[in-house]
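Work through the exercises below with the coordinates open. Each task is followed by a solution in steps.

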Amino acid sequence: MIRLNDITGELRSYHPKADISLVEKAYVYSAKVHQGQIRLSGEPYLSHPLEVAHILTQMKMDVVSVAAGLLHDTIEDTAAEPSDLERLFGKETANIVDGVTKISKMRFSTREEQQAENMRKMILAMATDIRVIVVKLADRLHNMQTLGYHPPEKQETIARETIDIYAPLAGRMGIYWLKSALEDLCLYYLEPEIYEKIKAELTERREVREKFIREVIEIVAAKLKETNIKAAIKGRQKHLFGIYTKMKEQNLNPNQVYDILAFRVIVDTVKECYEVLGIIHATWKPVPGRFKDYVSLPKANMYQSLHTTVIGPLGQRMEVQIRTWEMDKVAEEGIAAHWKYKEGSAASKIDEKQFLWLRQLLEWQKSLQDPKEFMDTVRMDLFPNEVYVFTPTGEVKEFPKGATPVDFAYAIHSEIGDKCIGARINGRMVPLRYQLRNGDIVEIVTSVKHHPSKDWLDFVRTSRAKTKIRQWIMRQERDLSVNLGKEMLEKSLAQARINIANLNKSDQIAAVAEDLSYHSQEDLFANIGYGRISVKQVIGRLKPKVDIPEEAKPGIVSKMVSRIKRKKSTLGIKVKGLDDMLVRFANCCHPLPGEHVVGYLTRGRGVTIHKHDCRYIADFEPERVVEVIWEPSDHTAYVATVKVVTTDKRGILADISAIMAQKDANILQADVQTTLDHKGISHFTIEVENYKQLQEILGAIKKIKHVLLVERG
């Protein structure tokens, strides 16, 4: 079992000035809170955090990371709270432990490749301090090393999660020795028979292989000596999982995998890298298509090396890697190789495809006087424009940053989005405007009676959600426009004395729709409602297709009856001092009950009622102006005109018409024009009961988005 002295001794070996008091304090605290806990192996639980901390020292991590390694299970497995750790060990250490705890609570439930990649991205995105991931990887390595004490089902689950999530993460971080160690352990538990078969084959040919490695190293060393290039030459067999991958890809047996040997030549300069490459290719025949230049084009995690495969002395393939000492350090230690930077500097934000911040850290490191100085903190934002969340079943979903539960609902299914009324995030209700965070577990609450709102367009972020919401709104607007257009046409047909019993099934209406290039009567009604075509145009096309009875000239009796009716109907107006006076309303201003009005006496036409501020009153003869008052009347329909100016937005007319319908106003006519500056000017002729009703209509229309002006026509 690893002891505290092993950890502090290793720490001092690469960081002589390290303040190990934090590590010692973390050890005492961890021993205290884990006291009495036993691992499945029978060892005290403290052995696990000690092993993790020791692995971190092998990776040459800083004091804070090593302390966090000793404390990494305290929040999850003991009564310790994050606030306790922050108070005792500082915010940095507490944040790392908290981050490791959150990642440990994740459960990966599917082998789908995209889901695995999303899970890896989520882990990276959640760890604002990169050391969180390094500590977690060290934790996973020791757990894999002691996995044999778990039941077989648990072994397979943990090994599968490791091979899908954590081993690739180690590779992405550039810590290749850790990646190889995890992969070999996973192979042992997931494919035990193949593991033993490969191991047996390698053991059987070990002596031959080791002799071959020595011979190749001697040949390369002699060639380099001739050109005065100083180099370190290493030879090794590839790790078991790498051999297994080749077997699987090429359908081979272990003894058929020839390029299982890899040699590494480490030199001082980049120039020498290419010189060594020329020497290798001059000595042995290169395999076409197997040369890769990661020096001029580094991998995303800043790995650099020249790779080539050649036919060796015994006619077998062997891989040769050529790199500088600095490149080798990065390849071996990955992130840890750059775990240093100037105090006060900050790591730059990076793109998910390229870890540009590693290059930045490399430059900072070169300027340090103390090559063993470790950084205090490195912050990162690997995926600044993305957020990763869980469904209730554990599936990972990717969204743009700022996405909401509504975006999530539409990503699941359009019907769930349409019926979304709320969301539970991590078990708690949140508003629909809530912005999703990495690691959230999202559950959508729906109602069959609910439907999308236009307001959702103000905060949703995904194109799918926006498209589905707009489609729903357009369907609703179309339904309103169809009903409005049909109603307007029916009224105009009645006024024109054209009798069509059923507009939907009328052959004549269908023929007019076809004449106007519409697909159906419904399209015709919708375009009338939208204001794209006037009712007059439709009736003009319809008249030749129907038989219209010729209007009969009214006789003397009819005229008398009409005159009597008009005389008796005062339309709710009483002329002061006069009874049974013929009254009519002026078409210039359309006065309404409740407004201040005046009467104007005209020869042979009775009294014409005007608004008191009508523009024509100034031209009246004063002696003909009479005082009038409103009085109760059975006449409930008065004509008013309304002018509305809007931006030219699709569906705006349907919104205006809907307001009028809600306020019980009857639309007699609508005329819409579009100006060159993309504004819509609409004139409505409507029937209302009084001035108060009209004011309510005007006020409601003003509140519609994109309405610029509303006034009496």
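Helices (H or I, at least four residues) and strands (E, at least two) are taken as DSSP runs and numbered from the N terminus. The model is predicted, so local features need pLDDT of at least 70 and side-chain atom pairs count only at pLDDT 80 or more, while totals for chains, interfaces and linings use all residues. Residues are numbered from 1 along each chain as its sequence is written, and side-chain values use heavy atoms, with hydrogens and water left out.

**Exercise 1.** Describe how α1 and α2 pack.

Solution. Step 1: axes are lines fitted to C-alpha atoms, for helices over the stretch in contact, and angles run from 0 to 180 degrees between N-to-C directions. Helix α1 (residues 4-14) meets helix α2 (residues 21-33) at an angle of about 160 degrees, and their axes are 11 Å apart. Step 2: angles under 35 degrees count as roughly parallel, over 145 as roughly antiparallel, 65 to 115 as roughly perpendicular and the rest as oblique. The pair α1 and α2 is therefore roughly antiparallel. Step 3: the residues in contact are Leu4, Ile7, Thr8 and Leu11 from α1, with Val23, Glu24 and Tyr27 from α2.

**Exercise 2.** Which residues of strand β19 point to each face?

Solution. Step 1: in strand β19 (residues 679-688), the side chains of Gly680, Ser682, Phe684, Ile686 and Val688 point to one face and are buried. Step 2: two strands pair if DSSP finds at least two bridges between them. Strand β17 (residues 638-647) runs antiparallel to β19, joined by ten bridges, and Val645 has Ile681 as its bridge partner in β19. Step 3: strand β18 (residues 666-674) pairs with β19 in the antiparallel sense over eight bridges, where Gln669 stands opposite Thr685. Step 4: β18 and β19 form a hairpin with four residues between them, and His678 in the turn has a positive phi of about 65 degrees.

Definitions and conventions
Contact means heavy atoms within 4.5 Å. Buried means under 20% relative accessible area, exposed over 50%, partly exposed in between (1.4 Å probe, protein chains only).
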